[in-house]
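Subject: Structure handover

Hello,

Here is the structure I said I would pass on. My notes on the ligands follow below it.

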Amino acid sequence: MQVHTVESDILIVGGGMAGCGAAYEARTWGKDLKIVIAEKANIDRSGAVAMGLSAINTYLGMRWNQNTPEDFVRYVRGDLMGLVREDLVYDVARHVDSSVHLLEEWGLPIMKDASGKYLREGKWQILIHGESYKPIVAEAAKKAASEVYNRIMITHLIKDPKNSNRIAGAVGFNVRDGSFWVFKSKAVILASGGATHIFRPRSVGEGWGRTWYSPWSTGSAYALPIMAGAKMVQMEVRLVPTRFKDGYGPVGSWFLYLKSYATNSNGELYDNDREKLRAKYGKYADAKPMPTCLRNHLMIEEIKEGKNPIIMHTEKVLDTKEKEEAGWEDFLDMTVSQAMVWASQNTDPKEKWSELVPTEPYIMGSHAVNAGAWVSGPSDIAPEDYQWGWNRMTTITGLFAAGDAAGGAAHKFSSGSFAEGRIAGKSAAKFVHESKDRLPAIDDQTIERLKGEVFQPLENYEIGHTFITKGTVSPYYLYPSQGLKRLEKIMDEYAGGVSTLYTTNKVNMNRGLELLSMLKEDLPLLGAEDLHQLQRAWELNHRVLTAEAVLRHTMFREETRWPGYYYRSDFPSIDDKNWNVFVLSQFDADSRLWSFEKAPVHVLVGNEGVAP
Ligand code: SFD
Ligand code: AMP
């Protein structure tokens with residue numbers, strides 16, 4: 001087997017929005033540094049933005065005095081029911097506009113209004129012609145990086161054998177030629193996206209594989225730091241976005257720009273009933289705009305009462321050619337499948353309404369959720385206990401995180417993830433310069449062990465398939481797709497997926513953990529018939545560890561903080577007295593034990609816990 005070793009100053013794991021931003025900015029501050037990207041696909045079309053987007057969801061418009069970073073912090077805090085790292089959110093806010101200006105300079109077409117300002121979709125969002133968003137961003141990253149290694153899936157981070165809290169690099173394999181890759185690096189930036197297929201999607205059977213967030217967001221951003229022993233935060237918060245049924249078309253443009261509205265099956269507006277919310281969730285019902293989870297909650301209540309389908313009245317708003325085009329372009333730019341659903345079901349949206357559903361849950365750090373690694377904040381604004389080193393460094397020295405990988409800072413979206421990547425890139429360059437370390441040592445035995453582990457599924461298949469007498473099922477291995485189905489079923493039924501209308505409790509979760517531990521026992525027996533399946537095997541390993549963190553975090557938090565994302569039937573209320581805190585977890589790879597602690601939520605921007 002071919003083994004390649006690459007030495008670098010900064011290794012970026014994942015060349016998506018955050019990864020590309022990291023490469024660009026690290027080069028600006030580290031002209032002398034060797035900066036490499038390892039990406040499991042090809043950065044030209046990788047990650048959540050691969051298909052393109054039709055909006056940039058985070059743009060403040062400071063040059064036109066449209067919003068301030070403080071406004072943004074209040075908005076994000078209100079949306080996340082108070083639990084955000086305000087230092088990180090503020091830090092993204094103050095850098096996001098200039099990042100969007102760079103994107104425009106590089107060729108991204110941003111729509112303008114009659115006065116030449118960016119055309120707003122909503123208070124925070126602007127409209128783009130974004131089919132080619134990702135190649136544009138990738139071009140800048142390719143120019144900035146010393147080397148880009150496409151088709152390398154990173155499976156493990158490695159640490160300095162002399163210092164178990166110091167990152168030393170990462171290993172992975174080439175998904176096309178099967179070679180093994182060892183990256184030795186002084187700093188590593190994790191930018192490997194969010195996690196789909198943790199919970200069973202609504203799309204099963206013929207639609208299996210279809211999700212709203214990208215199916216190749218496979219939880220590496222969480223499993224890699226968890227395995228390495230980094231502290232994680234907000235892993236219990238899952239995003240349940242409201243989407244057009246079956247095609248998963250996003251709703252933002254429809255609600256905010258096209259001013260469409262949704263009703264229940266009786267034709268009643270249901271999604272602004274603050275009275276109903278106030279009775280159960282007090283002051284949180286008054287945040288403006290209404291928190292994403294509470295909007296879901298109102299929809300879920302309608303569904304429970306049998307008042308579905310929930311209907312998006314596209315037919316009421318597409319009354320001009322421009323609006324009709326905007327409606328179609330929204331999906332053709334970013335969720336082509338929704339346009340295909342319309343076409344295949346003979347639906348002309350200007351004639352006929354569409355159904356909305358709350359989707360299966362996703363684990364992410366960049367949308368209206370903020371799961372991820374617990375990272376150090378910016379030195380000028382982060383409170384002392386949010387600061388232990390360079391900005392965006394995890395609790396492992398030299399390991400940074402950005403985008404979906406960095407916890408606590410919700411509502412980054414594509415632009416904020418790119419901006420946070422830039423922040424992490426600058427910071428990692430500073431770390432390399434200031435720490436003046438030589439390349440950390442790497443233990444050859446560890447590398448040999450990992451090499452064996454990484455390719456084990458190929459060997460399992462090689463041996464196991466000879467025992468098949470008929471059909472495809474071997475008594476000696478399980479396929480990644482079989483393992484994935486088991487995982488999705490466990491999470492769906494025990495951790496608050498669609499089938500229980502997002503509800504769970506302690507007994508349920510304990511049973512889920514039991515079943516998950518049995519699945520984990522089987523994972524060393526995964527069988528891969530080719531390199532593609534080997535990638536699927538490692539994606540499953542990463543997803544399972546992500547799922548375990550979700551379950552354990554959800555168990556630890558004894559309240560229902562985000563109604564509409566998930567409910568604990570044994571603790572149905574928001575309990576500010578005990579749980580207005582972050583939950584931090586840490587996994588010890590040697591003892592295989594998890595530990596949990598609470599961390600304070602510091603309010604840095606005025607106006608109490610909710611947005612005015
Ligand atoms: O409205 C490994 N997003 C939207 N953002 C917006 O700004 N506007 C929108 O309109 C958005 N909408 C939207 C969005 C996403 C999707 C899929 C749809 C619609 C249909 C969200 C943003 O896309 C998202 O916030 C950012 O992309 C997050 O950035 P980042 O960098 O954290 O993740 P990434 O871009 O997916 O990149 C991850 C990269 O890592 C690679 N990777 N590489 C090596 N080894 C491993 N083990 C790896 N694991 C993963 C990936 O291949 C990828 O390149 S709306 O609906 O919300
Ligand atoms: P989505 O298309 O659902 O991903 O949303 C895109 C953007 O619009 C995000 O910033 C959402 O928070 C916001 N958004 C979507 N729907 C609404 C709504 N009904 N009210 C306010 N903001 C919304």
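**Ligand 2**

The side chain of Arg243 places an N or O atom 2.8 Å from an oxygen atom of ligand 2. I call such a pair a polar contact if the two N or O atoms are within 3.5 Å; within protein, one must be able to donate a hydrogen and the other to accept it, and residues adjacent in sequence count only if both atoms are side-chain atoms. A polar backbone atom of Gly252 is 2.7 Å from an oxygen atom of ligand 2, and an N or O atom in the side chain of Arg295 is 3.3 Å from a nitrogen atom of the ligand. Ligand 2 exposes 480 Å² when taken alone, of which the protein buries 87% (Shrake-Rupley areas with a 1.4 Å probe).

Before going further, note that this is a predicted model: local features need pLDDT of at least 70, side-chain atom pairs count only at pLDDT 80 or more, and totals for chains, interfaces and linings use all residues. Residues are numbered from 1 along each chain as its sequence is written, chains are lettered from A and ligands numbered from 1 in the order in which they are written, and side-chain values use heavy atoms, with hydrogens and water left out.

There are 13 residues around ligand 2, and Gln125, Arg243, Gly252, Arg295 and His367 come nearest (a residue is near if one of its heavy atoms lies within 4 Å). Helix 6 (residues 252-257) gives the most to this shell, with three residues (helices are DSSP runs of H or I, at least four residues, and strands are runs of E, at least two, numbered from the N terminus). Domain 1 (3-193 + 364-435) and domain 2 (245-358) each supply at least three residues to the shell around ligand 2; the domain bounds come from an automatic or database assignment.

**Ligand 1**

Arg243 also has a polar side-chain atom 3.1 Å from an oxygen atom of ligand 1. Polar backbone atoms are 2.8 Å from a ligand 1 oxygen in the case of Ala48 and 3.5 Å in the case of Phe413. Taken alone, ligand 1 exposes 1100 Å², and the protein buries 98% of that. Two or more residues of its shell come from each of helix 1 (17-29), strand 3 (53-56), strand 6 (152-160) and helix 11 (413-435).

Of the 36 residues around ligand 1, those that come nearest are Glu39, Ser46, Ala55, Ser366 and Ser414. Domain 1 and domain 2 each give at least three residues to this shell as well.

Regards
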